[in-house]
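Please look over the two chains shown below before reading the report. The sections take up the interface, the helix pairs and some backbone details in turn.

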Protein chains: 2
Amino acid sequence: MNITKRQKDIIEIVKESQPITGEVIAKRLSLTRSALRTDFCILTGKGILKSKPKVGYVYQEIQEKKYIYEIMGPVVSVENNISVYDTILQMFAKDVGTIFIVEGENLVGIVSRKDLLKIAIGKTDITKVPINVVMTRMPNIVYCEENDDIVDAVKKIIVHQVDSLPVVRLKEDNGKNIYQLVGRFTKTNITKLFLENVVK
Amino acid sequence: MNITKRQKDIIEIVKESQPITGEVIAKRLSLTRSALRTDFCILTGKGILKSKPKVGYVYQEIQEKKYIYEIMGPVVSVENNISVYDTILQMFAKDVGTIFIVEGENLVGIVSRKDLLKIAIGKTDITKVPINVVMTRMPNIVYCEENDDIVDAVKKIIVHQVDSLPVVRLKEDNGKNIYQLVGRFTKTNITKLFLENVVK
């Protein structure tokens with residue numbers, strides 16, 4: 001968002017003294033009100049200031065969330081040695097649609113309700129099948145990183161037709177890639193963000 | 001979006017003759033350029049016009065989707081006399097996370113992957129249980145209508161913690177409410193809309 005020096009000054013004045021009329025702002029800047037007309041127009045057009053009739057200008061907080069770390073949810077995971085049945089129970093207990101499988105802090109797999117439903121209706125005894133037999137592993141896990149742009153992660157969710165992405169920190173250990181699990185990014189996060197953006 | 005008559009005229013002129021300078025637009029309207037300064041500012045601030053330096057103004061297409069019918073997906077449903085097992089198969093065949101249960105054209109129930117997973121891991125023989133025994137029914141179905149505002153439907157999805165809503169047309173038959181199923185509105189729809197809005 002391009003804002004001139006003068007517009008920044010106006011924003012600062014409004015933040016300090018709101019509500020404040022255009023007249024008073026102009027006086028503070030030793031300018032006429034008409035000289036500031038374009039600036040007020042741009043600032044209200046961009047939604048940074050709001051002009052309240054008979055009251056004056058007020059500042060509107062803009063929180064444009066841009067990165068995954070600003071919006072991601074907490075890690076929801078199980079260890080990779082438990083059964084499919086116990087994983088399903090954990091999924092219900094934590095009320096999530098996708099669960100991550102870890103070895104310590106590191107992501108090694110992912111399963112969705114869809115994967116688990118497929119197995120549950122089969123002939124196998126799901127109390128005896130370890131989750132790591134059925135989970136999706138690298139390189140087939142679609143993930144994102146904390147500092148990724150939210151828009152890029154949303155595109156991944158659409159393109160790969162998944163409901164959520166694990167958020168990882170990439171590391172290397174003896175030439176082997178390690179994916180430290182730090183959060184999750186879901187369609188629910190996006191839905192809430194959508195609401196914040198339109199209501200703003 | 002409030003736009004004055006004069007701003008509408010400006011938009012029409014730009015649409016016809018873009019790129020076009022502010023000078024030329026002012027001449028066409030028999031006004032001075034400075035008289036239009038505020039209008040140009042509002043129109044570019046709202047993202048309707050774009051001002052290209054040394055070129056002039058161009059029109060930016062805005063498609064603000066607002067109502068459910070503009071974005072809803074097709075009906076995905078099964079008849080209410082099939083088994084839980086067959087419903088799950090249909091859910092996989094149609095690759096949806098929620099399936100609607102109908103009697104003819106009318107919505108009578110809804111089940112999600114979560115509901116079905118819960119039953120699938122139980123002791124019952126899911127090939128013998130009819131889906132209408134386990135589905136959620138009115139008045140517990142959260143739904144929306146075609147002409148509802150998208151934002152209101154998104155709020156319902158968040159508040160009721162569901163992944164999708166059936167879109168219905170309300171009718172009455174002998175004093176009984178009938179919900180004709182006409183579509184579905186999902187978190188995937190919202191995710192795609194989010195992307196359209198931010199990329200715009």
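## Basis of the description

This is a predicted model, in which local features need pLDDT of at least 70 and side-chain atom pairs count only at pLDDT 80 or more, while totals for chains, interfaces and linings use all residues. Residues are numbered from 1 along each chain as its sequence is written, chains are lettered from A and ligands numbered from 1 in the order in which they are written, and side-chain values use heavy atoms, with hydrogens and water left out.

## The interface of chain A and chain B

Chain A contributes 39 residues to the contact and chain B contributes 39 residues, where contact means heavy atoms within 4.5 Å. The two chains bury about 3,400 Å² between them, with 78% of this area on carbon and sulfur atoms; buried area is the accessible area (1.4 Å probe) that two parts lose on being put together, summed over both.

Side chains of opposite charge can pair when their charged atoms come close. A salt bridge is taken here as a side-chain nitrogen of Lys or Arg within 4 Å of a carboxyl oxygen of Asp or Glu, and by this rule there are 18 salt bridges over all chains, with two found across the interface of chain B and chain A. B:K114 forms a salt bridge with A:D95, and the closest N and O atoms of this pair are 2.6 Å apart. The pair crosses between chains, running from helix α5 of chain B to the loop between α4 and β4 (98–103) of chain A; helices (H or I, at least four residues) and strands (E, at least two) are DSSP runs, numbered from the N terminus.

## Helix pairs between the chains

Two packed helices are described by the angle between their axes and the distance between the axes. The axes are lines fitted to C-alpha atoms, for helices over the stretch in contact, and angles run from 0 to 180 degrees between N-to-C directions. Helix α5 (residues 113–120) of chain A packs against helix α4 (residues 84–94) of chain B at an angle of about 135°, with the axes 11 Å apart. α5(A) and α4(B) are therefore oblique to each other, given that angles under 35 degrees count as roughly parallel, over 145 as roughly antiparallel, 65 to 115 as roughly perpendicular and the rest as oblique. α5(A) passes α4(B) in a left-handed crossing, a term used if the near helix is turned anticlockwise from the far one by less than a right angle, with right-handed used if clockwise. A:K114, A:L117 and A:K118 of α5(A) make the contact with B:I88, B:M91 and B:F92 of α4(B).

For helix α4 (residues 84–94) of chain A and helix α5 (residues 113–120) of chain B, the axes come within 11 Å and cross at roughly 135°, and α4(A) passes α5(B) in a left-handed crossing. Here A:I88, A:M91 and A:F92 in α4(A) meet B:K114, B:L117 and B:K118 in α5(B). The residues of this contact of α4(A) with α5(B) divide into four nonpolar, no polar and two charged, where Ala, Val, Leu, Ile, Met, Phe, Trp, Tyr, Cys and Pro count as nonpolar, Asp, Glu, Lys and Arg as charged, and the others, Gly among them, as polar.

## A helix pair within chain B

Within chain B, α1(B) and helix α3 (residues 37–45) pack at an angle of about 70°, with their axes 10 Å apart, which makes α1(B) roughly perpendicular to α3(B). α1(B) passes α3(B) in a right-handed crossing. B:R6, B:Q7, B:I10 and B:I11 in α1(B) meet B:D39, B:F40, B:I42 and B:L43 in α3(B).

## Backbone details

Most residues other than glycine have a negative phi, and most peptide bonds are trans. A:D95, which is not a glycine, has a positive phi of about 50°. A cis peptide bond joins A:M138 and A:P139, with omega about 5°, and A:P139 lies in the loop between α6 (131–134) and β6 (144–145) of chain A. In chain B, B:Q18 and B:P19 are joined by a cis peptide bond with omega about -10°.
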